[in-house]
Amino acid sequence: QGAYGTRDIPAIARLALLSLLLLLVGAFGAWLVSRRTTRPLATLTAAAEAVAAGDYGVRVEPSGDDEIARLGTSFNYMATEVGTSRDELEMQSEEAQAAGEELGQSNGQLGGALASLEESEAQFRALADSIPQLAWMAFADGSIFWFNQRWYEYTGTTPEQVVGWGWQSMHEPSVLPLVLERWRASIVSGARFEMEFPLRGADGRFRWFLTRVEPLRDRDGRLVRWFGTNTDVQSLRDARDAAEAANRAKSDFLAVMSHELRTPLNAIGGYVQLLETGVYGPVSETQLPALSRITRSQRHLL
């Protein structure tokens, strides 16, 4: 019968049965513990997958031991923050998209305005090139940045020679200091400029020009540009000089004629007075009216 007697078999069976029972109880307890632990974890896992899929409203009920409960609370807080951040991001994205559309419209309007401005500028330059005067434009500080075609035709210069302050080389040296003094005074005060001075032509000869410069201001009244014209007045000055010479000649002629006439007229008046006083003898009654007529005519001629 081996090492154990027949009487020991029931005890061994009971021991084995007890061991099996303990094993089953332990397994069941372990299953309960595992279920209590893994169930919240499974819930957390499913919730995390939902958040990853874009469902930011999913929440879990904190349960289990303290660690798992705190994990569930942390997850809910994280999901709330992620959802809030996503809503803010979507709002910012919509605002950015709206701003982009508005910017696109603004760019389109700006492009149209620039095109219109360029067209207006081209028309202005064509008009300025067609006028008989020399024309130019300057910045607010007085430096010239554009001349019309007639300026270049008259002076025989190039833009590189005269743009900025190079135009001074076209002025008569003795007059230039006064031109600069008055031009700078206008720049400081913002007042219109007007002056006559000579400009040298491509042939090297100087002709007189009447220069007028108008200030151009923006809608706020700030001076932004100057627009100037030079009008050839050489012929007018020649005509004026000729008229002044003719006027002087006329005045000289009238002075001489007046002197030449006054001398005999005064003599006539003097002799009439002598006759009337009887210096040359008595005057008859019939002679007195004739003497009066002579005196009236003499005074009229004077």
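A residue is called buried when its relative accessible area is under 20%, exposed when it is over 50%, and partly exposed in between, with a 1.4 Å probe and protein chains only. The model is predicted, so local features need pLDDT of at least 70 and side-chain atom pairs count only at pLDDT 80 or more, while totals for chains, interfaces and linings use all residues. Residues are numbered from 1 along each chain as its sequence is written, and side-chain values use heavy atoms, with hydrogens and water left out.

Helices (H or I, at least four residues) and strands (E, at least two) are DSSP runs, numbered from the N terminus. Two residues can be compared by place and accessibility.

From C-alpha to C-alpha, Thr-158 lies 9.8 Å from Phe-147, and the two are 11 residues apart in sequence.

Helix H7 (residues 288-301) contains 14 residues and spans 20 Å from its first C-alpha to its last, close to the 20 Å expected at 1.5 Å a residue, where the expected span is 1.5 Å times one less than the number of residues. Which residues of H7 are buried? They are Leu-291, Thr-295 and Gln-298, and because they cover an arc of only 65° around the axis, they sit on the same side of H7; the arc is that of the directions from the helix axis to the C-beta atoms. On the other side of H7, Arg-296, His-300 and Leu-301 are exposed.
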